[in-house]
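Subject: Structure for you to look at, with notes

Dear colleague,

Please find below the structure I promised to hand over, together with its sequence. My notes on what was found in it follow directly after.

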Amino acid sequence: MQGNLPPEAQEKIEELQDLQETAQQVAQQKQQAETQLQESKTALQTLDNVEGDTQMYREVGELLIETGYDEAYEDLEEKADSLEVRVETLQKQEDRVQEQFESLQEELQQMLQGGGGGPMGPGGPGAGGA
């Protein structure tokens with residue numbers, strides 16, 4: 001079916017497919033960042049209920065390293081803050097990709113409906129006679 005399309009339309013379709021892949025990747029990254037953010041917020045809430053002199057450890061690779069309450073809290077706050085920024089950035093990127101996708105999709109539809117190449121089949125432009 002794509003063989004009957006003009007080269008410009010085929011290029012638009014390929015661009016749409018690329019944008020769709022990009023949108024999926026951005027959505028996946030955003031979901032991962034949101035999950036990490038939620039885990040950090042949960043950990044911060046847990047720390048609120050822990051006494052300051054409680055012995056704590058943090059994970060460093062495969063090891064657990066002893067850490068102090070203040071250091072653990074500050075690290076988690078910084079991580080949560082940076083994750084919030086990341087989620088916002090990914091949301092903006094996701095919105096931009098969606099806008100580009102919709103715009104390109106509209107261009108493609110106009111190109112195909114505008115008689116940009118070949119018969120459109122039933123229901124296409126010119127159907128029903130003049």
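I begin with Lys-30, which counts as buried because its relative accessibility is 12%, where buried means under 20% relative accessible area, exposed means over 50% and partly exposed lies in between (1.4 Å probe, protein chains only). Before going further, please note that this is a predicted model, in which local features need pLDDT of at least 70 and side-chain atom pairs count only at pLDDT 80 or more, while totals for chains, interfaces and linings use all residues. Residues are numbered from 1 along each chain as its sequence is written, and side-chain values use heavy atoms, with hydrogens and water left out.

Lys-30 is found in helix H1, and, if residues up to four places away in sequence are not counted, Lys-30 touches Val-87, Leu-90, Gln-91 and Glu-94, a contact being heavy atoms within 4.5 Å. With Glu-94, Lys-30 also forms a salt bridge in which the closest N and O atoms are 2.8 Å apart; the term stands for a side-chain nitrogen of Lys or Arg within 4 Å of a carboxyl oxygen of Asp or Glu. Because Glu-94 lies in helix H2 and Lys-30 in helix H1, this pair ties together parts that are 64 residues apart in sequence.

**The overall layout**

The secondary structure of the chain comes to two helices and two strands, and from the N terminus on these elements run α-β-β-α. Helices (H or I, at least four residues) and strands (E, at least two) are DSSP runs, numbered from the N terminus. Of the 130 residues of the chain, 21% count as buried, and residues 24 or more positions apart account for 67% of the contacts with a separation of 6 or more. The accessible surface of the chain comes to about 9,700 Å², of which 45% belongs to carbon and sulfur atoms; accessible areas come from the Shrake-Rupley method with a 1.4 Å probe, and for residues only the protein chains shown count as cover.

**Helix H2**

The 45 residues of H2 should span 66 Å at 1.5 Å a residue, and the end C-alpha atoms of H2 are 65 Å apart, which agrees; the expected span is 1.5 Å times one less than the number of residues in the helix. Among the residues of H2 that are buried are Tyr-69, Leu-76, Leu-83, Val-87, Leu-90 and Phe-101, and the buried residues of H2 pack against helix H1 (7–48), strand S1 (56–60) and S2.

A search of the whole structure finds one aromatic pair. Tyr-69 and Tyr-73 form this pair, which is stacked, at 6.0 Å centre to centre and with 20 degrees between the planes. Here rings of Phe, Tyr and Trp (its six-membered ring) pair if their centres lie within 6.5 Å, and planes under 30 degrees apart count as stacked, over 60 as edge-to-face and the rest as tilted. Because Tyr-69 and Tyr-73 are four residues apart in helix H2 (residues 69–113), they are separated by about one helical turn. Tyr-69 is buried, with a relative accessible area of 18%, whereas Tyr-73 is partly exposed, with a relative accessible area of 21%.

**Further salt bridges**

The search of the whole structure finds five salt bridges. One of them joins the side chains of Glu-107 and Lys-12 at 2.7 Å, N to O; since Glu-107 lies in helix H2 and Lys-12 in helix H1, the pair ties together parts that are 95 residues apart in sequence. Lys-12 is buried, with a relative accessible area of 18%, while Glu-107 counts as partly exposed at 34%.

Lys-41 forms a salt bridge with Glu-84, the closest N and O atoms being 3.5 Å apart, and this pair links distant parts of the chain, with Lys-41 in helix H1 and Glu-84 in helix H2, 43 residues apart. Salt bridges that share partners also join Arg-58, Glu-71 and Asp-75 into one network.

**Loop and surface**

Asp-53 sits in the loop between H1 and S1 and is exposed, with a relative accessible area of 66%.

Val-60, Leu-63 and Ile-65 form a nonpolar patch on the surface, with about 240 Å² of accessible area together. Patches are made of residues with over 30% relative accessible area and no salt bridge, like charges being joined within 9 Å and nonpolar side chains (Val, Leu, Ile, Met, Phe, Trp, Tyr) within 5 Å. Ile-65 belongs to strand S2 (residues 63–67) and counts as partly exposed, at 34% relative accessibility.
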